[in-house]
Amino acid sequence: MADRHSDNPTLASLRFDGAPVIVTGAGSGIGRACCEVFADLGATVLGVDVDGSILEGIADTAIYGENAKAFVADVSSEEAVHSLAQQIAKDYSSIASVVNVAGTNDNTSFRSLKFDQWNRILATNLSSVFLMTREFLPMVERRRGSFVNIASTYGLVGVRNNTSYCTSKAGIINLTRQVATEVGSSGVRANSVCPGPTLTPRRQLSFDEGRSNRLEAEQRTLLGRMASPAEIARVVVFLASEAASYITGAAIVVDGGQTVFIGPHD
Ligand SMILES: NC(=O)c1ccc[n+]([C@@H]2O[C@H](COP(=O)([O-])OP(=O)(O)OC[C@H]3O[C@@H](n4cnc5c(N)ncnc54)[C@H](O)[C@@H]3O)[C@@H](O)[C@H]2O)c1
């Protein structure tokens with residue numbers, strides 16, 4: 001009897017069959033997990049990170065797939081993003097998906113926030129998405145591909161001591177809608193993902209240094225736990241794939257119920 005899964009169109013729509021995808025922030029956390037899930041589904045992973053030392057693993061083709069490549073670039077720099085596109089264009093004329101994960105945060109109170117701190121977070125988290133989208137749009141259009149941008153639940157609500165971060169993430173949500181609005185007619189989709197608390201090296205460091213508390217983060221969700229990076233990555237890769245062919249302009253919340261929960265009442 002023929003295997004009903006071998007040519008199942010639903011499963012096929014999740015597969016990338018060697019198509020190239022770019023992931024920024026690929027060296028750690030959610031970006032690294034995206035690379036792994038893309039590789040599982042047959043994509044050619046092109047991982048980008050500002051920190052070359054943590055990108056070495058991308059060359060491990062056993063994990064990231066046969067043709068995986070690593071690129072060192074600061075995606076907040078217009079010049080670096082332009083040069084990255086030139087390097088990638090030498091080998092690929094089109095890209096199936098660009099996933100913007102690179103980001104950082106700053107827990108400074110609004111009153112003490114310096115202009116250069118504000119500018120750094122906005123450049124790393126938000127301007128990078130603008131630069132990557134503008135630069136790679138022609139290559140993504142050639143495949144009628146998609147963009148997936150990592151925002152945050154912190155882009156949907158206010159959080160003390162997170163002015164620049166929350167503003168940058170809210171900006172990503174509407175920049176994504178704006179891109180979707182302008183590119184939909186060429187068959188290109190753009191969506192953002194709003195993860196809740198996710199156990200990545202960055203979050204672990206903040207627990208270790210006492211800047212935040214793991215139990216509190218867990219108790220703010222309905223599921224009572226943090227997400228693994230893979231739980232976010234699976235949604236990202238679904239949105240990038242043909243399985244999500246009618247989703248565009250959306251902000252998909254993946255937060256274990258964090259944002260629908262305002263806490264117990266007496
Ligand atoms: N971890 C969470 O709880 C959480 C929740 C919501 C949203 N997010 C978002 O998910 C993304 C990934 O977070 P993470 O927790 O995996 O962090 P992480 O620090 O583990 O990984 C971020 C990666 O981005 C890279 N990066 C930073 N600036 C860069 C730049 N200018 N150019 C290229 N690469 C750069 C870093 O080197 C690092 O490898 C971020 O955008 C973050 O805001 C994380």
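## Ligand shell and helix packing

The model is a predicted one.

**The ligand**

| Residue | Protein atom | Ligand atom | Distance |
|---|---|---|---|
| Val-101 | polar backbone atom | oxygen | 2.8 Å |
| Lys-169 | side-chain N or O | oxygen | 2.9 Å |
| Arg-203 | polar side-chain atom | oxygen | 2.9 Å |

On its own, the ligand has 830 Å² of accessible area, and the protein covers 92% of that.

**Helix 2**

Helix 2 runs over residues 29-40 and has twelve residues. From its first C-alpha to its last it reaches 17 Å, close to the 16 Å expected at 1.5 Å a residue. Nine of the twelve residues are buried, so helix 2 is largely enclosed by the rest of the structure. The buried residues are Gly-29, Ile-30, Gly-31, Ala-33, Cys-34, Cys-35, Val-37, Phe-38 and Ala-39. Just after the helix comes Gly-42, with a positive phi of about 85°.

**Helix 6**

Helix 6 has 21 residues, which should span 30 Å at 1.5 Å a residue. Its end C-alpha atoms are 30 Å apart, in agreement with that value. Which residues of helix 6 are buried? They are Ser-164, Tyr-165, Cys-166, Ser-168, Lys-169, Ile-172, Ile-173, Leu-175, Thr-176, Val-179, Ala-180 and Val-183.

**Val-236 in helix 9**

Val-236 is found in helix 9, residues 229-240. Is Val-236 buried or exposed? Its relative accessible area is 0%, so Val-236 is buried. Leaving aside neighbours within four places in sequence, Val-236 is in contact with Cys-34, Val-99, Val-148, Ile-150 and Val-193. Cys-34 is one of the buried residues of helix 2. Ile-262 lies 26 residues from Val-236 along the chain, and their C-alpha atoms are separated by 26 Å.

**Two serines**

Ser-128 lies in helix 5. Its relative accessibility is 3%, and therefore Ser-128 counts as buried. A polar atom of its side chain is 3.5 Å from the backbone oxygen of Asn-125. Not counting residues up to four places away in sequence, Ser-128 touches Val-75, Ser-76, Asn-100 and Ala-123.

Ser-83 lies in helix 4, residues 78-91. With a relative accessible area of 33%, Ser-83 is partly exposed. Ser-83 and Ala-73 are ten residues apart along the chain, and 8.7 Å separates their C-alpha atoms.

Methods:
Residues numbered from 1 in each chain as written. Predicted model: local features only at pLDDT ≥ 70, side-chain atom pairs only at ≥ 80, totals over all residues. Heavy atoms only, no water. Helix = DSSP H or I, 4+ residues; strand = E, 2+ residues; numbered from the N terminus. Expected span 1.5 Å × (residues − 1). Buried < 20%, exposed > 50% of the residue type's maximum accessible area, 1.4 Å probe, protein only. Polar contact = N/O pair within 3.5 Å; in protein donor to acceptor, adjacent residues only side chain to side chain. Areas by Shrake-Rupley, 256 points an atom, 1.4 Å probe, with all protein chains shown as cover. Contact = heavy atoms within 4.5 Å.
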